[in-house]
Amino acid sequence: MQKHVFLRERGLEKFNPLDRIITYDDFDRGFNGWMDLTPNFVYPDFQQAPGPIDVASWAPTMLSSAPMRFASSHGSMEGTYSLKLSTKPVANRWEEPVAPGSMGCAIKRLSRFGNPNKLQIEAWYTYTPQQDREGLGEEDIRAFGFYFDVQDSEFRYKPGVRYVNSINGQLVKKWQYWQAAEGVTTEEWCGLEDGWYLPGIDNHFYGRRYPDGSSDGYQWVPDGAQELVYNESPDKLNWNYFRLLIDYNKREYIELQSQDRIFDLRGIAPTATPGYKGIDNLINPIFYIETDTNRSVNLFLDSVVYSIE
């Protein structure tokens, strides 16, 4: 009887990928195609499109050894370098429009490969404020999240989740999933009556936010409260596991895994909009982080696996 032996890189042992791995990004090997989320510089004098959000103000994505004030360089979970997303030290209140520079985003621009039934993203990550002042600083981190930017033959939609850590200095620590509020108008969504930012597109920028942490762009994950490992000081990094599974054919969520806890999201769908010109078969993974105060905060990605079934 013939016996088949499958070998794979040892670093993949800390992931649970689906049948086909599309990308395995260990940032000790470089950027691996991840880049800043930038606007379309196609207008006169290479200006971005007019709108309520200054995307060009976001802080750059970089490779980092996670230097700290007292710990020198922390390194990554395995190795030296992680992908670092950071913000500038500026923030508006939760209920107000997103302040220029208060977010950091990283995107990997991909097209669909094969004929997937499911999409899955996995990552090991950690988060911390800049170590520039006394105190824990945990409440300075407003939120961080992930989403797929997907366009199939009919619709564009953005399945994703957000961990709401703090609202105006008060710790919340709950998960939300992307889904535009029913009945929200384009003007309510982005502040422009004739804007091309349709409800359900770019949820992390747009949509009204409310004092209780709800918003036009996100809904609370049922029983979604979760304490993550933050530790006792901004220089003590603790790596967390993240996984999001999507049903590509149904355009629905399946489940979110955070550490060892699994949240069942079956039957919930992200908001679908008419497809945009020129981006058929789009599947872009995107991570982001947002600050809650006038303090720079960071999201570090040790490694990321995108797989399909």
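Modeller: Three cavities of 30 Å³ or more turn up in a search of the whole structure. A cavity here is a set of points on a 1 Å grid over the protein atoms alone, where a 1.4 Å probe fits but cannot get out. A pocket is an open set with protein on both sides within 12 Å along at least five of seven lines. Lining residues have an atom within 4 Å of a point. Volumes are the space filled by probe spheres set on the points, and grid points are joined across faces, edges and corners.

This is a predicted model: local features need pLDDT of at least 70, side-chain atom pairs count only at pLDDT 80 or more, and totals for chains, interfaces and linings use all residues. Residues are numbered from 1 along each chain as its sequence is written, and side-chain values use heavy atoms, with hydrogens and water left out.

The largest cavity holds about 80 Å³ of space. Its lining is Tyr125, Phe144, Gly145, Phe146, Val161, Trp175, Phe242, Phe287 and Leu299. By class, that is eight nonpolar, one polar and no charged residues. Ala, Val, Leu, Ile, Met, Phe, Trp, Tyr, Cys and Pro count as nonpolar; Asp, Glu, Lys and Arg count as charged; the others, Gly among them, count as polar. Strand E9 gives the largest share of this lining, three residues. Strands (E, at least two residues) are DSSP runs, numbered from the N terminus.

Now follow Tyr125 from the cavity lining. Its bridge partner in E14 is Asn240. Strand E8 (residues 118–129) and strand E14 (residues 240–247) run antiparallel, joined by eight bridges. Two strands pair if DSSP finds at least two bridges between them. E8 also pairs with strand E19 (residues 297–308), again antiparallel, over 11 bridges. There, Ala123 stands opposite Val304. Of the 12 residues in E8, 11 are buried, that is, under 20% relative accessible area with a 1.4 Å probe, protein chains only.

The open spaces come next. About 520 Å³ lies in the largest pocket. It has 26 lining residues, and the closest to its centre are Thr38, Asn40, Arg156, Trp196 and Asp202. Strands E9 (141–151) and E18 (282–291) are the elements that give two or more residues to this lining. E18 gives the most, with three. The lining of the largest pocket divides into 16 nonpolar, four polar and six charged residues.

Terms used:
Helices (H or I, at least four residues) and strands (E, at least two) are DSSP runs, numbered from the N terminus. Buried means under 20% relative accessible area, exposed over 50%, partly exposed in between (1.4 Å probe, protein chains only).
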